[in-house]
Structures are given as structure tokens and as C-alpha cells.
Protein chains: 2
Amino acid sequence: SLAAPALAQSNPKINWRMTSSFPKSIDSIFNTSVEMTKRIREASDGNFDIQVFAAGEIVPGLEALDAASNGTVELCHTAPYYYVGKNPAYAFGTAVPFGLNARQENAWFYQGDGMTLLNDFFKKEANVYAMPAGNTGAQMGGWYRKEIKSVDDLKGLKMRIAGLAGQVMEKLGVVPQQIAAGDIYSALEQGTLDAVEFVGPYDDQKLGFYKVAKYYYYPAFWEGGAALHTMVNLDKWNDLPDQYKTLLKTASSAANSEMLATYDYRNPPALKKLVSDGAVLRPMSNDILNAAFDAAQGIYDDLCAKNADFKKLYDSMTDFRNEAFLWEQVAQYGFDHFMMIKQREGALKVKG
Amino acid sequence: SLAAPALAQSNPKINWRMTSSFPKSIDSIFNTSVEMTKRIREASDGNFDIQVFAAGEIVPGLEALDAASNGTVELCHTAPYYYVGKNPAYAFGTAVPFGLNARQENAWFYQGDGMTLLNDFFKKEANVYAMPAGNTGAQMGGWYRKEIKSVDDLKGLKMRIAGLAGQVMEKLGVVPQQIAAGDIYSALEQGTLDAVEFVGPYDDQKLGFYKVAKYYYYPAFWEGGAALHTMVNLDKWNDLPDQYKTLLKTASSAANSEMLATYDYRNPPALKKLVSDGAVLRPMSNDILNAAFDAAQGIYDDLCAKNADFKKLYDSMTDFRNEAFLWEQVAQYGFDHFMMIKQREGALKVKG
């Protein structure tokens with residue numbers, strides 16, 4: 001017999017399974033995991049082979065982390081804030097109300113303490129290792145059957161909204177609802193539900209909510225940027241050859257860049273289509289935003305007082321947030337604001 | 001003798017040289033190329049080995065593309081707009097005055113026609129294949145010895161500014177200067193130079209310009225985002241095994257995400273330090289921005305009329321630009337604007 005040549009050991013054959021929290025219909029996110037694993041396969045000449053499963057194929061979407069944590073699968077592609085029921089500190093992996101925008105999240109994750117603190121937390125809580133792997137950018141504030149002009153209009157509003165955002169809305173008088181995705185449309189139509197928050201124009205347009213709840217509010221103050229992560233069972237991660245660790249990290253980071261680009265490219269025409277179909281765009285009033293900001297602060301004060309994990313992540317995020325939004329007022333806002341004025345003037349359409 | 005086992009062919013040993021347009025002192029950019037090639041080396045178990053050279057080590061910084069084009073090196077890490085002297089259409093690879101911001105550039109590059117059109121152009125002009133590999137975000141508008149309140153204050157101003165930005169400024173009365181980087185400080189001190197544009201707070205603070213030209217204007221209307229690329233000699237690219245093509249693409253895309261994060265993390269404290277050291281922050285007046293916008297439009301009209309490469313890229317960019325800045329006014333601006341107000345109120349500092 002002939003022993004395997006030493007060279008072969010540098011590119012060992014490894015088959016993994018990744019479960020996604022997203023169905024195939026949320027294609028901007030689901031295809032990100034498909035493309036990410038395709039690259040890993042190609043770059044390893046087929047040897048590091050990760051098969052992707054959509055939500056529900058082998059694991060329910062909201063149990064993706066559990067499956068990676070307990071080793072049912074080696075890894076998942078998910079939004080950590082789905083797991084705030086286990087510990088509210090998970091939210092910092094995706095978004096918290098009045099937190100960071102997408103670029104700031106990346107800065108805090110990669111260059112600040114973000115991923116170091118999050119991975120300490122994820123290790124302790126779930127025995128997983130996480131890498132940022134996608135962002136939606138700022139999301140929309142949802143679909144409402146009636147106009148919401150002030151905090152008073154929120155009182156008693158039955159809204160499908162979860163997590164910390166749901167807690168903030170509850171403080172403003174909203175009654176957060178749990179309802180299966182497939183039942184939202186008919187609940188809005190029948191009036192047993194008054195409002196729903198989803199993602200942004202590209203994903204929202206597929207669901208037709210504008211027909212039954214035409215007021216489309218912005219922004220989602222709870223998602224200035226919403227980050228996804230590749231989360232790997234820590235024992236599997238530790239056993240992975242170094243070259244595949246680097247490959248998975250690099251492919252996750254590339255996915256992070258390109259998923260945001262996908263949303264940024266697809267949302268503008270989707271928004272125009274929604275408005276032409278009858279959606280009525282409305283900004284959240286300052287009255288509501290300020291009341292929500294104060295309500296969020298109250299929730300943060302409570303959580304920091306009783307949850308050391310939350311406090312550590314909150315303090316780190318907050319330190320950077322203040323600096324980041326100071327700097328943002330200078331060069332980037334200076335440029336973008338002028339360009340938005342020109343857009344309104346119709347001056348950006350001029351072709352050669 | 002023993003023939004090499006077939007397995008080894010899947011990970012062939014390849015040694016390449018990458019020349020950077022940047023010195024080691026511009027570390028946010030130079031280290032991006034170091035990190036990118038380190039990952040490629042690790043992910044190929046040392047077999048795809050790209051050695052990075054700083055500007056001037058083997059090739060002058062502004063000749064990096066030429067070196068990749070003629071095969072002196074296999075690839076370079078550079079900003080395509082350095083080559084507008086060859087053809088102004090190169091500018092679309094990095095930034096054009098009143099063009100796209102960093103996120104919009106990524107959307108146009110990856111999801112729109114951006115990279116397809118650019119690579120058609122790069123192939124024809126320089127026999128290279130390019131992949132986005134870094135972005136600075138919006139840059140600052142430069143350092144000025146005197147306040148520049150209106151277009152009149154620009155008349156006769158000797159400013160170190162190049163490319164299309166220099167042409168726009170020239171239309172406003174500025175006299176663009178060519179001057180070696182090492183001579184800028186003394187020229188400003190002696191008054192033979194009135195102003196200089198560089199990058200942003202993190203890079204600018206190293207050069208001490210605030211001591212001799214304290215007015216620090218924002219934004220650089222010519223760089224809403226400035227993209228770098230990995231540019232590979234096309235013959236070398238075509239000969240590269242598919243697995244290494246995927247690896248180089250993936251590592252470039254990861255670099256694209258993480259370089260912007262580096263600037264976004266480092267610029268805020270650098271700006272604060274500059275201001276505490278005596279830099280005087282000033283916004284470009286609407287008078288100047290509007291005059292520059294009109295001047296840029298005149299230049300674009302001329303270029304589109306006589307340069308088919310430019311027109312093709314300009315029209316594609318412009319189509320997306322109008323849609324992108326419409327969408328940006330909705331969710332992202334809605335979120336960021338509220339957060340900037342809270343920053344000014346001091347409300348973002350609250351810790352747990």
C-alpha cells in the first residue's frame with residue numbers, strides 16, 4: 001500500500017454543514033451564505049466543503065445557533081439578536097436600538113473591542129466562535145395601517161416586533177405580538193394586527209404589505225445596521241486546520257462587504273416600485289424618536305445594572321458610538337448631505 | 001525518482017510580487033495589502049506566496065499599474081485615479097468629484113455594472129484585471145493657510161491637488177501645484193503653497209500640516225469614498241489556477257471591508273487630537289460646493305463628448321448615483337441624522 005503523501009495533509013478533506021436562519025426567499029441573505037461557502041470550496045480545490053441548509057430544512061431558523069452550539073451542525077449563518085431570550089447581550093452582535101450603523105459596526109467589530117468581547121461572550125454562553133458575515137444597512141421602521149404622528153398614536157397598537165426593539169415599543173404603549181410570518185398579511189388585512197416591522201424595500205416588496213398597511217415608516221431606530229455572523233461550534237473551530245480557519249474568516253469578511261452592497265444596490269429600485277404601487281412613505285416623528293431614545297436608555301440602565309455581559313458590551317459600544325457619530329458629522333455627512341440636496345434638485349440625473 | 005503526487009497539483013507553489021502605491025507610513029492602506037497577502041499565504045498553506053513591496057522599493061508609487069501592466073510585477077495595490085493622465089476614465093475606479101460614497105461604490109462595483117465596465121476598460125488600456133480592495137470613506141477637503149469663505153477666496157490659491165479634482169478647482173480659480181510629498185510642509189510654511197489636500201484625520205495628523213495651514217476643510221467633494229484595487233497582469237491572472245483566483249478575489253473583498261473599518265475606527269480620535277492641537281475645522285461653503293458641482297458638470301460634459309470610455313462609465317455611475325442618493329435619504333439618513341443630533345446633545349455618552 002502507498003501512504004498518503006505528506007502534501008495532501010495541507011488540504012485535508014472536510015465536510016461541514018451550515019444551517020441558515022433564513023429561507024431561500026430572503027435571497028440577499030441566503031445567497032450570501034451560498035456564495036461564501038462556494039468560495040471556500042473553490043479556494044480549497046473542493047476539499048473544505050460546507051453544505052448550506054435553508055431555515056427549516058434541517059433546523060428551524062431561530063434555532064440555528066443552538067444547532068451550532070450543541071454540534072448538530074458545525075456552523076450557522078444567523079443574526080445573534082435572535083437569541084436575546086437567552087441573554088439580551090446577544091443583541092450587540094446584530095443591532096441594538098440607537099446603536100451603530102453598518103460602517104460603525106464593522107469598525108467596532110474588527111478594529112475596536114467588538115468581536116473580542118462578543119467572542120468571549122459567545123464562548124461562555126454557547127461554545128461558538130463568530131465572524132461578521134453580512135449587514136443589511138439601516139432598515140425601515142415597518143408597515144402601519146394608520147398614520148403614526150405622535151407617541152399617542154402608538155398606544156395600544158398591536159405590532160409584530162421582537163427583541164429589545166419590542167421592549168422599547170412596549171414602553172411607548174405598543175403591544176408587541178408574536179405571529180408566524182405566513183400569518184402577518186391576513187392579520188393586517190383583518191385588523192387583528194396594526195403594524196409589522198420587517199427589513200427594507202427589497203425584502204418587504206415581496207410580501208405585499210403595502211396593500212393592507214400602506215404607511216411605510218423610516219427609519220428602524222432599532223436597526224441602524226443589522227449584522228449577521230458565521231458562528232462555528234468552538235470544538236470544531238479549534239480542530240480546524242489553520243489554513244481553513246483563515247479561509248473561513250476571509251470568506252466571512254468578504255461576505256460582509258458584499259451583502260451590504262447587494263442591499264444597497266437592490267433597495268433603491270424596490271423603494272421606487274413600492275411607492276408607485278401605493279406605499280406611503282413617512283418619517284418617524286421626532287416626538288416618537290426622542291421618546292423611544294429615552295425609553296431605550298431606561299432599558300439599558302436596567303440591563304447594565306443586572307447583567308455584567310450586557311454592561312461590558314454596552315460600555316464598549318457606547319464609547320465608540322459617541323466618537324463615531326462626531327466624526328460622521330464631518331467628512332461623510334458633509335459629502336452625503338450636499339449630494340442628497342442635489343438629488344432633490346434633480347441635478348444627479350444628468351447623463352453624458 | 002518519485003513523481004509528484006497528483007494531489008499536490010491542486011495547490012501549486014506560486015511566488016508573486018505585489019507593488020503598492022503607498023509607503024509603509026500610510027499604514028492603514030499599506031497594512032491592508034500585507035494582511036491580504038498574509039491571508040492568501042495562510043489559506044493556501046504557504047503555496048500562493050505574494051511578497052508585498054512598498055512604494056519605491058522596486059517601483060515608484062505612481063507607476064504601480066505600469067509595473068503590473070508590463071509584467072515587471074504580477075500585481076499591484078493602487079488607486080486607479082492615479083492614472084487619469086493616461087485616460088480620465090481611470091478615475092471611476094477610485095472616485096470622481098461628486099460621485100459615489102464608499103457603500104455606493106461597493107454596490108455599483110459588485111452588483112451594478114461597475115467592475116464589469118471597469119475591467120473591460122482596464123483590459124483594453126493596461127492588460128490588467130482589477131478587484132476592489134480597500135476604501136478610505138469620504139476624505140477631508142484639505143489644509144488651508146487662510147479661511148476660504150467663498151469662491152472669490154479660491155482665486156489664485158496655490159493648492160496641491162491633482163486629477164479631476166484639480167481640474168475642477170482650476171475652473172474656480174485655483175492654481176493646482178505639483179510638488180513632492182516631502183516638500184509640502186516647508187512650502188506651506190514659506191507660503192509658496194497655500195493649501196494641500198491629503199486624506200483624512202488619521203493620515204493627516206502624522207504630517208503636522210495644522211501647524212502651518214490650520215484651516216481644515218470638509219468634505220473633499222472629489223472623494224465621497226476613495227476605492228483601491230488589486231490589479232493583476234491579465235496574462236498572469238489567466239494562468240492562475242481557479243482556486244487561487246477565488247482566493248485572491250475573496251481576500252481582496254475582505255480587505256475592502258476591513259480597510260474602511262480601519263479608517264472609520266482611527267479617524268474619530270485623530271480628528272479630536274488635531275482639533276485639540278489647533279486645527280480649525282471649517283465646512284466648505286455652499287457657494288463653493290455649488291460652483292464646484294457646476295464646474296465638474298462642465299468637465300464631465302466635455303469628457304463624455306470626446307471620450308467613449310469615460311461616457312460609458314459616467315452614464316452607468318450616474319444612473320445608480322441618482323437612485324442611491326434618493327434611497328439614502330430614507331432609512332440610513334433618517335437613522336444617522338437623528339443619532340448626530342443626539343451626539344451634539346451629549347446624549348450618546350451615557351454609559352451603563
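Helices (H or I, at least four residues) and strands (E, at least two) are DSSP runs, numbered from the N terminus. This is a predicted model, in which local features need pLDDT of at least 70, side-chain atom pairs count only at pLDDT 80 or more, and totals for chains, interfaces and linings use all residues. Residues are numbered from 1 along each chain as its sequence is written, chains are lettered from A and ligands numbered from 1 in written order, and side-chain values use heavy atoms, without hydrogens or water.

**Stop 1: Phe198(A).** Select the loop between strand E8 (195–196) and helix H7 (201–204) of chain A; Phe198(A) sits there. An unreviewed UniProt entry annotates Phe198(A) as "binding site"; such annotations may be inferred rather than shown by experiment. Show its contacts (heavy atoms within 4.5 Å). Beyond four places in sequence, Phe198(A) touches residues including Ile26(A), Gln139(A) and Phe209(A).

**Stop 2: the interface.** Select both chains. Each side is listed here: 94 residues from chain B and 94 residues from chain A. About 8,700 Å² is buried between them, 63% of it from carbon and sulfur atoms. Buried area is the accessible area (1.4 Å probe) lost on being put together, summed over both parts.

**Stop 3: the salt bridge.** Pick Glu323(B) and Lys272(A): their side chains form a salt bridge (2.6 Å, N to O). The term means a side-chain nitrogen of Lys or Arg within 4 Å of a carboxyl oxygen of Asp or Glu. Chains B and A share 4 salt bridges.

**Stop 4: confidence.** Colour by pLDDT, the predictor's confidence in each residue, from 0 to 100. Chain A averages 95. Residues 4–8 of chain A stay under 50.

Terms used: Buried area is the accessible area (1.4 Å probe) that two parts lose on being put together, summed over both.
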